[in-house]
Amino acid sequence: MKTNQVTVRIPATTANLGPGYDCIGMALDWWNEISIKVSDRPNVSIIGEGSSDLSLTEDNLVYRSARELLKRVKEDSQSLDITCHNTIPLARGLGSSAAAIVGGIFAANAVCGDLLDQDELLDLAVEIEGHCDNVAPALLGGCQIVVKDGEKVFCSAVNLANDIDVIIFVPDQPMSTKEGRALLPKEISRDDAVYNIGRFGMLVNSLSSGNLESLSISTRDRLHQPYREKIFPAMKYIIRSANNAGAIGAFLSGGGSSVTAFATSRTMTIGYEMADVADKIGIPGALKITKPSMLGSHVVINDKELKQ
């Protein structure tokens, strides 16, 4: 062990961005904070989101992820005392699980003196999580295209040419990622595949070139949102209200239930319209207005944030 205690910050993420099912995600300026110190006995404390729901024992996801890192570097003889300050809502498609996994391994790696490099941390996070789209931007920041080839994970950062606002309607109603995935068909038509491939290419080109006019088209999807709509029918109305109010694109965030919209103007009006239509159809919730974060997981020392 190189140090006995460390504090890290991990961003929320919004994934898929419409057509990029399981292969793209964006870090947001919205943070969880995790403090880890070496101790004689295991302990987990949670402040904020999940404080009444998440495990406070060794099966807590942050603790389990940290222990996986310690095992990987053969430093698992010590127990950990972990305190989580959570602001990312659970089961809302905003990467709370990815933040827990990435935060656990990133903090444990820092305690050990950064024995694993960035690629190794990403591989371990994907191994624990099972898919890549949230963990990559949570670790690396920015907007990341991510694919898995065999056991190796590859990332490509998407340059965001324009300053955009990110408007998120977060329903009080959670949405099970597992239940949503179970609704997805095992096979898709060629038409639907072409529909999404074209829009995904246009999405990436729009974000990186700054030609954002096509985002209203390129954030549409046929692979997952129409099926998830069966358990969250309000989705289409909230997306429609965002686009009608001036959003440049809107989509279900990850596995839901949050809906994300991008904008370059009329930000508050768009958020108001999303919340208003949701309220009218009986879906209470809260608004979050933020920005993409180019900074991913990082160590906090004496209130100063240091990049990985």
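**Figure 1. Cys143 and Cys132, two buried cysteines of the predicted model.** Cys143 is buried, with a relative accessible area of 1%; here buried means under 20% relative accessible area, exposed over 50%, and partly exposed in between (1.4 Å probe, protein chains only). Cys132 is likewise buried, at a relative accessible area of 7%. The search of the whole structure finds zero disulfides, a disulfide being a pair of cysteine sulfur atoms within 2.5 Å. Cys143 is in no disulfide, and the nearest cysteine sulfur, that of Cys23, is 10 Å away. For Cys132, the closest cysteine sulfur belongs to Cys155 and lies 7.5 Å away, which is too far for a bond. The model is predicted, so local features need pLDDT of at least 70 and side-chain atom pairs count only at pLDDT 80 or more, whereas totals for chains, interfaces and linings use all residues. Residues are numbered from 1 along each chain as its sequence is written, and side-chain values use heavy atoms, with hydrogens and water left out.

Figure 2. The largest pocket holds about 700 Å³ of space. Pockets were found on a 1 Å grid over the protein atoms alone: a cavity is a set of points where a 1.4 Å probe fits but cannot get out, a pocket is an open set with protein on both sides within 12 Å along at least five of seven lines, and lining residues have an atom within 4 Å of a point. Grid points are joined across faces, edges and corners, and a volume is the space filled by probe spheres set on the points. Of the 37 residues that line the largest pocket, Ala91, Gly95, Ser96, Ser97 and Ala98 are the closest to its centre. Two or more lining residues come from each of strand E2 (24-39), helix H1 (61-72), strand E4 (79-86), helix H2 (96-111) and helix H5 (177-182); helices (H or I, at least four residues) and strands (E, at least two) are DSSP runs, numbered from the N terminus. H2 provides the largest share of this lining, five residues. By class, the lining of the largest pocket comprises 14 nonpolar, 15 polar and eight charged residues, where Ala, Val, Leu, Ile, Met, Phe, Trp, Tyr, Cys and Pro count as nonpolar, Asp, Glu, Lys and Arg as charged, and the others, Gly among them, as polar.

**Figure 3. Helix H2.** H2 has 16 residues and reaches 22 Å from its first C-alpha to its last, close to the 22 Å expected at 1.5 Å a residue; the expected span of a helix is 1.5 Å times one less than its number of residues. The helix is mostly covered, with 15 of its 16 residues buried.

Figure 4. Among the 13 residues that line the second largest pocket, Arg220, Gln225, Lys236, Ile239 and Asn243 are the closest to its centre. Helix H8 (225-228) and H9 each supply at least two residues of the lining, and H9 gives the most, with five residues. The lining of the second largest pocket divides into four nonpolar, four polar and five charged residues.

**Figure 5. Helix H10 and its packing.** H10 (residues 267-280) has 14 residues and extends 20 Å from its first C-alpha to its last, close to the 20 Å expected at 1.5 Å a residue. Its buried residues are Thr267, Ile270, Gly271, Met274, Asp276 and Ala278. They pack against strand E7 (165-171), helix H9 (234-244), strand E9 (259-263) and strand E10 (285-290), contact meaning heavy atoms within 4.5 Å. Met268 also lies in H10, but counts as exposed at 60% relative accessibility. Just after H10, Gly282 adopts a positive phi of about 80°.

**Figure 6. Backbone geometry in two loops.** Most residues other than glycine have a negative phi, and most peptide bonds are trans. Asn16, although not a glycine, has a positive phi of about 75°. Asn16 is found in the loop between strand E1 (5-15) and E2, and counts as buried at 2% relative accessibility. Leu17 lies in the loop between E1 and E2 and has a positive phi of about 50° although it is not a glycine. At 0% relative accessibility, Leu17 counts as buried. The peptide bond from Gly256 to Ser257 is cis, with omega near 10°, and Ser257 is found in the loop between strand E8 (249-252) and E9.
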